Amino acid sequence: MVYKFRVILDAEEDIFRDIAILEDDTLEDLHNAIFNAFGFDGSEVASFYTCDETWNQEDEIPLFDTGDVPGEQRTMNDYPLSSILDKENTKIIYVYDFISMWTFLVELAAIEEEAVGATYPETLFSHGEMPDEATEKSFEADDMHNDIYGEFEDDLDEDDLDMFEGDDSFEDYGFEENWN
């Protein structure tokens with residue numbers, strides 16, 4: 001069977017490539033197809049990330065074993081496409097070059113029979129020109145999490161701390177003298 005992917009650059013403009021690749025090919029084969037389809041030279045590190053239906057990033061699948069114990073961490077070459085992608089699990093995230101953070105949304109669009117005489121992987125369609133630089137990523141929490149106190153803000157002021165006056169169970173370690 002052939003997996004047909006739409007690989008979309010996470011950018012303001014519509015920039016995507018449609019890629020066909022065999023279901024038994026690995027994530028590393030898909031990595032190679034993606035960097036070739038988008039015109040990268042393939043010299044940078046990359047990772048795939050599993051994700052849920054709303055593109056929330058989950059587990060990393062790196063190109064190289066970066067674990068403390070060699071051979072303990074599974075890499076892209078250890079995952080045939082059919083082992084993690086199917087009709088129910090159609091989305092993964094691909095990040096190329098961890099300095100520039102080229103980020104792509106990769107979605108399985110179709111599973112079809114192999115075409116006679118076709119060579120895979122194959123770039124089926126190309127739309128949009130790659131920008132010179134990756135879109136700057138903003139790693140910020142949602143607005144509801146920006147307040148470090150959140151819903152626990154209790155508006156304590158100096159008068160509220162009077163409850164500790166005269167309580168000798170707190171020992172003064174004289175830390176103020178260390179700041180001089």
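**Exercise 1.** Which residues point one way from β3, and which the other way?

*Solution.* Begin with the basis of the work: this is a predicted model, in which local features need pLDDT of at least 70 and side-chain atom pairs count only at pLDDT 80 or more, whereas totals for chains, interfaces and linings use all residues. Residues are numbered from 1 along each chain as its sequence is written, and side-chain values use heavy atoms, with hydrogens and water left out.

Next, locate the element: strand β3 covers residues 46-51. Strands (E, at least two residues) and helices (H or I, at least four) are DSSP runs, numbered from the N terminus. In a regular strand, side chains alternate between the two faces of the sheet. Accordingly, assign the residues: A46, F48 and T50 point one way, and S47, Y49 and C51 point the other way.

Finally, consider burial, where buried means under 20% relative accessible area, exposed over 50%, and partly exposed in between (1.4 Å probe, protein chains only). Six of the six residues of β3 are buried.

**Exercise 2.** State how many salt bridges the structure holds, and describe each pair.

*Solution.* A salt bridge is a side-chain nitrogen of Lys or Arg within 4 Å of a carboxyl oxygen of Asp or Glu. The structure holds three.

1. E112 and K4 meet at 2.6 Å, N to O. The pair joins strand β6 (residues 102-112) to strand β1 (residues 2-9), 108 residues apart. E112 counts as partly exposed because its relative accessibility is 33%; K4, at 25%, is likewise partly exposed.
2. R6 and D18 have their closest N and O atoms 2.7 Å apart. R6 belongs to β1 and D18 to strand β2 (residues 16-22), 12 residues apart. At 33%, R6 is partly exposed, whereas D18 is buried at 15%.
3. K91 and E53 have their closest N and O atoms 3.9 Å apart. K91 lies in β5 and E53 in the loop between β3 and β4, 38 residues apart. K91 is buried at 14%, whereas E53 is partly exposed at 47%.
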